[in-house]
Amino acid sequence: MPNRDSILITGGAGFIGSNLTRAAIERFEEVYVLDNLTYAGNIRNLHSVEDKITFIEGDIREHEIVSEIYEQVEVVVNLAAESHVDRSIKSGIPFLQSNVEGAYVLMELLQEHDVDRFIQMSTDEVYGSIEEGEFSEGDPLDPSSPYSASKASADLFVNACWETYDLPITIVRPTNIYGPRQHPEKLIPKFTLRALSGDRLPLYGDGSNVRQWLYVKDFCNALLQIVDHDTDGIYNVAGPERRSNIEVTKAILERVGASESLIEFVADRAGHDKRYAIDDSKLQEEIGFDPQYGFAAGLDETIEWYRKHRDSYQ
Ligand SMILES: NC(=O)c1ccc[n+]([C@@H]2O[C@H](COP(=O)([O-])OP(=O)(O)OC[C@H]3O[C@@H](n4cnc5c(N)ncnc54)[C@H](O)[C@@H]3O)[C@@H](O)[C@H]2O)c1
């Protein structure tokens, strides 16, 4: 296992980034966070760890800023992205800018610096929907939304960087991740906060869309294990349990102690993928990742966190 002291986490003021930053300060002597604080970036997410990290407010597309940080770090994890499918349906341009151009700037600049390992955060959504069975890393990409198309594009650029420049890049494709500090536009925090306030929960379609759910602490552990494994390639990271959106909604209502009559079925999202399912046996075989949280335990912890912090995350 290579011994590395320094890491850059882009998008570290966002949901996964701020959780990863907390995990990374236990492992790395120097943790840099680069984030341009879009509507989704929240500096409060880094509250209580600010004095243990170097925070740089800036865009991943800014060559000079990125080059300066690359001189200081051995590992880069690129989490900076526009991440909300609904917003991408309204306008895909910011998704092209951050998720494709931004990711490519970060990759291209690797050629000029001594970064040992670059992790590009992708998503299971790049494979598209699957009626039954599971997608593996070699399956073709078939994205349905401007968001997933932008993530798939970045993955294609990684492939080009492997073939053309032999760069040390790893792609990680996780399922849906949930937990503390997620923006309240996303399903679990949105429905939790609304249920706590007694507001209606607008559920797309008939709520039968199925996702695999992975608790953020487990994901951060998997990601740090992938960093240590230090291999080019693609890793699916699957959540331990599948749930339909209606099952997730009812589980939230039950924990909050609110009535199912708050559920309001609304017109389905355009191009809404029915079912995501990935196989992560490659990760299990090569790295041995073992998630510690089942869906019930992860949801309990998440709802408790939003109950405590609801005033700051409405
Ligand atoms: N949350 C999930 O369920 C999930 C699942 C699979 C993959 N992902 C991927 O994981 C990554 C992180 O997701 P998240 O849920 O934490 O997203 P998020 O929206 O909570 O955070 C994204 C962060 O990136 C920052 N950012 C955006 N554009 C930037 C730019 N050009 N320069 C610098 N910073 C920029 C934002 O300010 C924000 O802090 C994304 O790449 C997303 O596509 C998320």
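**Figure 1. Lining of the second largest pocket in the predicted model, by residue class.** In this predicted model, the lining of the second largest pocket divides into six nonpolar, two polar and four charged residues. The residues concerned are Asn19, Arg22, Ala23, Pro180, Arg181, Tyr215, Val216, Lys217, Cys220, Asn221, Glu301 and Trp305, and the pocket that they line has a volume of about 200 Å³. Three helices, α1 (15–24), α7 (216–229) and α10, each supply at least two residues of this lining, with the largest share, four residues, coming from α7.

**Figure 2. Packing of helix α6 against helix α10.** Helix α6, which spans residues 187–197, packs on helix α10, residues 295–309, at an angle of about 55 degrees, and the two axes lie 10 Å apart. Because of this angle, α6 is classed as oblique to α10. The crossing in which α6 passes α10 is right-handed. On the α6 side the contact involves Ile188, Pro189, Thr192, Leu193 and Leu196, which meet Phe295, Leu299, Thr302, Ile303, Tyr306 and Arg307 of α10. Sorted by class, this contact of α6 with α10 comprises eight nonpolar residues, two polar residues and one charged residue.

**Figure 3. Packing of helix α4 against helix α5.** The axes of helix α4 (residues 93–108) and helix α5 (residues 146–165) are 9 Å apart, and the helices pack at an angle of about 15 degrees. An angle under 35 degrees counts as roughly parallel, and therefore α4 is described as roughly parallel to α5. Here, α4 passes α5 in a right-handed crossing. From α4, the residues that make the contact are Phe95, Asn99, Val100, Ala103, Tyr104 and Met107, while α5 contributes Tyr147, Ser150, Lys151, Ser153, Ala154, Phe157, Val158, Cys161 and Tyr165. The contact of α4 with α5 contains eleven nonpolar residues, three polar residues and one charged residue.

Figure 4. Rolling a probe the size of a water molecule over the atoms shows where empty space is left. In this model the count comes to one cavity of 30 Å³ or more, and the largest cavity has a volume of about 70 Å³. Its lining is made up of Val85, Ile89, Glu125, Ser144, Ser145, Arg211, Arg269, Ala270, Gly271, His272, Asp273 and Tyr276. By class, the residues lining the largest cavity divide into four nonpolar, four polar and four charged.

Note on methods. Residues are numbered from 1 along each chain as its sequence is written. This is a predicted model: local features need pLDDT of at least 70, side-chain atom pairs count only at pLDDT 80 or more; totals for chains, interfaces and linings use all residues. Side-chain values use heavy atoms; hydrogens and water are left out. On a 1 Å grid over the protein atoms alone, a cavity is a set of points where a 1.4 Å probe fits but cannot get out, and a pocket is an open set with protein on both sides within 12 Å along at least five of seven lines; lining residues have an atom within 4 Å of a point. Grid points are joined across faces, edges and corners, and a volume is the space filled by probe spheres set on the points. Ala, Val, Leu, Ile, Met, Phe, Trp, Tyr, Cys and Pro count as nonpolar, Asp, Glu, Lys and Arg as charged, and the others, Gly among them, as polar. Axes are lines fitted to C-alpha atoms, for helices over the stretch in contact, and angles run from 0 to 180 degrees between N-to-C directions. Angles under 35 degrees count as roughly parallel, over 145 as roughly antiparallel, 65 to 115 as roughly perpendicular and the rest as oblique. A crossing is left-handed if the near helix is turned anticlockwise from the far one by less than a right angle, and right-handed if clockwise. Contact means heavy atoms within 4.5 Å.
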